[in-house]
Amino acid sequence: MWLWEAAWKVFAAHPALGVGPANFCFFYNSYKPASGRYVFFPAVVNNQYLEILAETGIAGMIVFLGFVFSFLKLAGYSIKRRNIEASSIAFSLAAAAIQLNTFSGLTWNYLWVMLGLLAASFKLQKYED
């Protein structure tokens, strides 16, 4: 909870653009709550949404939510086209983006792989049509 509270304070101090990607670790000790313990180098916030807000501000959060909604839109399009593989990947991406509420951004590598598979699936579908 100390990390979350510090991330919220960092965001409140830098709401528009945040403090920069991967820079929360340098600001944590300055913004940690009084009851919070000193951490030499906290790597992540352990809450993707707060981490995005603290590091990239409102601008970054808008982009991130755009990704989430685009995954859902692609999933809907895939269902209409009866492309089970693409819709499964799109729903997996949307679910992963939503569940990242309590996990760090270090797991995003898998999402980019899934996004690449989704794009490849759509390209293959265009060639089949």
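Is Phe11 buried or exposed, and what is its relative accessible area? Phe11 is buried, with a relative accessible area of 12%, where buried means under 20% relative accessible area, exposed means over 50% and partly exposed lies in between (1.4 Å probe, protein chains only).

The model shown in these views is predicted, so that local features need pLDDT of at least 70 and side-chain atom pairs count only at pLDDT 80 or more, while totals for chains, interfaces and linings use all residues. Residues are numbered from 1 along each chain as its sequence is written, and side-chain values use heavy atoms, with hydrogens and water left out.

**View 1. The chain comprises five helices and zero strands.** Helices (H or I, at least four residues) and strands (E, at least two) are DSSP runs, numbered from the N terminus, and the elements follow one another from that terminus as α-α-α-α-α. Of the 129 residues, 40% count as buried. Among contacts (heavy atoms within 4.5 Å) between residues at least 6 apart in sequence, 64% join residues at least 24 apart.

**View 2. Trp8 and Phe11 form a tilted aromatic pair.** A search of the whole structure finds four aromatic pairs. In the pair of Trp8 and Phe11, the ring centres are 5.4 Å apart and the planes stand at 50°, so the pair is tilted; rings of Phe, Tyr and Trp (its six-membered ring) pair if their centres lie within 6.5 Å, with planes under 30 degrees apart counted as stacked, over 60 as edge-to-face and the rest as tilted. Both residues lie in helix H1 (residues 2-13), three residues apart, about one turn of the helix. Trp8 is partly exposed, at a relative accessible area of 48%, whereas Phe11 is buried.

View 3. Glu5 counts as partly exposed at 38% relative accessibility, and Lys9 counts as partly exposed at 33%.

**View 4. The buried residues of H1 pack against helix H2 (24-31) and helix H3 (48-80).** These buried residues are Leu3, Ala6, Ala7, Val10 and Phe11.
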